[in-house]
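Trainee: Could you walk me through this one while I have it open? I'd like to start with the strands and then go wherever the questions lead.

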Amino acid sequence: MIDLDTHLIGPEHPLRRELHDELHARPSLYFDGDIDVWHLAIVDGEAAPAVPERLRKLAAASGTGNGRHGIADFEGGRIKWELHTEFLTLTYTTAAADACSPPPAFARLRREFAGQTVTAVRVIVRNGKDGVVAQKTGAAFVASEVGGGDAEVHSDFRLNEAGFLEFFLFNRNLNDYRTGRMVRRLLEIETYRMMALLAVPMARETIQNLGAFDRRLDLVVRHMQSTAKVDKALLVEVTKLSSEVLNFSARARHRFGATKAYAELVASRMAELREGRVAQRQRIGTFIDRRFQPAVRSIAAAERRLDELGERVRLAGDLLRTTVQVQLEDQNASLLASVEERTRAQVHIQQAVEGFSVLAITYYAIGLFKVCLDSLQTLGADMHFLKPALALVVPLVLFTVWRAVRHVRTSITSQLRTPGSPH
């Protein structure tokens with residue numbers, strides 16, 4: 001690594017060199033003459049397999065990305081490895097041979113990697129400058145001129161006896177660098193195509209589960225239409241259905257998103273081939289488009305239907321919550337009406353009690369006044385002239401007691417209505 005003079009460029013961002021080296025990540029192998037290219041893409045669950053330490057330490061190895069990508073001489077050939085997010089690729093180049101099985105050295109290296117092979121491709125690079133096309137490419141093969149007519153690619157897109165898909169690349173006028181890049185595009189087309197199709201089982205599972213989810217949602221909606229009240233069982237069912245749809249959607253969305261990205265890469269690499277027609281042959285791009293794009297579109301349709309189902313479940317949940325809210329408001333209104341009725345009855349009772357209280361207080365006050373008069377008369381005072389005035393005192397006492405009780409009630413009511421007043 002170049003040791004830059006930091007006083008000339010200033011302090012470096014910690015990711016500057018790593019981001020800059022992305023321009024040189026995943027370099028191509030360059031080919032000269034007739035060769036065979038063996039390529040594998042390996043997956044291991046949700047993550048790519050680890051690169052063995054022995055491979056990173058090969059002599060004359062040139063690596064980037066902290067050993068995630070590299071090229072080195074390996075047992076009579078050249079080996080290249082690339083560690084992607086979900087898969088790892090191994091590409092091995094050897095001299096041209098007629099055997100359909102990979103070299104033993106490459107087979108032994110494969111056994112050092114955990115995981116499963118999702119793509120196995122063999123690119124047979126041969127000289128086509130004299131217009132010679134191998135007799136093996138029969139009528140079942142599709143073919144295209146690539147690189148503006150400087151090469152020709154043939155394939156039947158079937159697996160051979162060793163499990164490899166074979167491309168025949170007949171080089172007419174490609175130099176070493178263009179040949180390497182052309183082979184790389186062919187390998188990437190097949191690798192990304194297979195990685196995109198990994199979502200097909202998930203799409204089938206989605207279609208099957210969508211039917212069950214739709215039936216359950218329809219039952220919930222019909223039940224909501226047939227009853228005016230929402231019971232607890234309906235709330236539990238909607239909550240359970242919503243959680244199941246969200247969990248399944250989260251699991252499927254990752255795979256569907258990867259398919260979309262891989263399909264775009266396939267289309268990009270196909271455009272970079274710059275295909276031309278070969279007489280009496282279907283073009284490779286047309287073949288792939290007619291057989292690959294329907295699967296991609298079906299995956300996209302499954303994702304779209306899953307999104308629509310999630311939206312329907314959300315709307316049903318919102319409608320259910322609205323119904324519950326309306327029921328609660330009705331219950332609150334009924335409760336407030338009953339409280340108002342009870343309050344009104346209590347007011348009437350209170351008014352009746354107040355009336356009886358006024359009469360009782362007046363009665364006892366007049367009785368006390370009369371007792372006082374009788375006591376004075378017993379002591380010898382002449383009170384006969386005051387007894388006729390007793391009839392005039394009764395209304396006065398009654399009015400005074402009524403005013404006093406009313407004043408007390410008004411004072412208490414005003415204190416209760418004033419905010420912050422002590423109760």
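This is a predicted model: local features need pLDDT of at least 70, side-chain atom pairs count only at pLDDT 80 or more; totals for chains, interfaces and linings use all residues.

Trainee: OK, which way do strand 3 and strand 4 pair, and over how many bridges?

Mentor: Strand 3 (residues 69–74) and strand 4 pair in the antiparallel sense over 6 bridges; strands here are DSSP runs of E with at least two residues, helices are runs of H or I with at least four, and both are numbered from the N terminus. Two strands count as paired if DSSP finds at least two bridges between them. I71 has K80 in strand 4 as its bridge partner, and the hairpin formed by the two strands has 2 residues between them, with E75 in the turn at a positive phi of about 50°.

Trainee: And what about strand 4 and strand 5?

Mentor: Strand 4 and strand 5 (residues 87–95) run antiparallel and are joined by 6 bridges, with E82 opposite T89 in strand 5. The hairpin between strand 4 and strand 5 passes through 3 residues.

Trainee: Why is strand 4 described as largely enclosed?

Mentor: Because 6 of the 7 residues of strand 4 (residues 77–83) are buried, the strand is largely enclosed by the rest of the structure. Buried means under 20% relative accessible area, exposed means over 50%, and partly exposed lies in between, with a 1.4 Å probe and protein chains only.

Trainee: Switching to rings, how many aromatic pairs are there?

Mentor: The count comes to 12 aromatic pairs, where rings of Phe, Tyr and Trp (its six-membered ring) pair if their centres lie within 6.5 Å, and planes under 30 degrees apart count as stacked, over 60 as edge-to-face and the rest as tilted. W38 and F164 form an edge-to-face pair, 5.1 Å centre to centre with 90° between the planes.

Trainee: Buried or exposed, that W38?

Mentor: W38 is buried, at a relative accessible area of 2%, and F164 is buried at 5%.

Trainee: Last one, where is L398?

Mentor: L398 is found in helix 9 (residues 387–417), and at 32% relative accessibility L398 counts as partly exposed.

Terms used: Residues are numbered from 1 along each chain as its sequence is written. Side-chain values use heavy atoms; hydrogens and water are left out.
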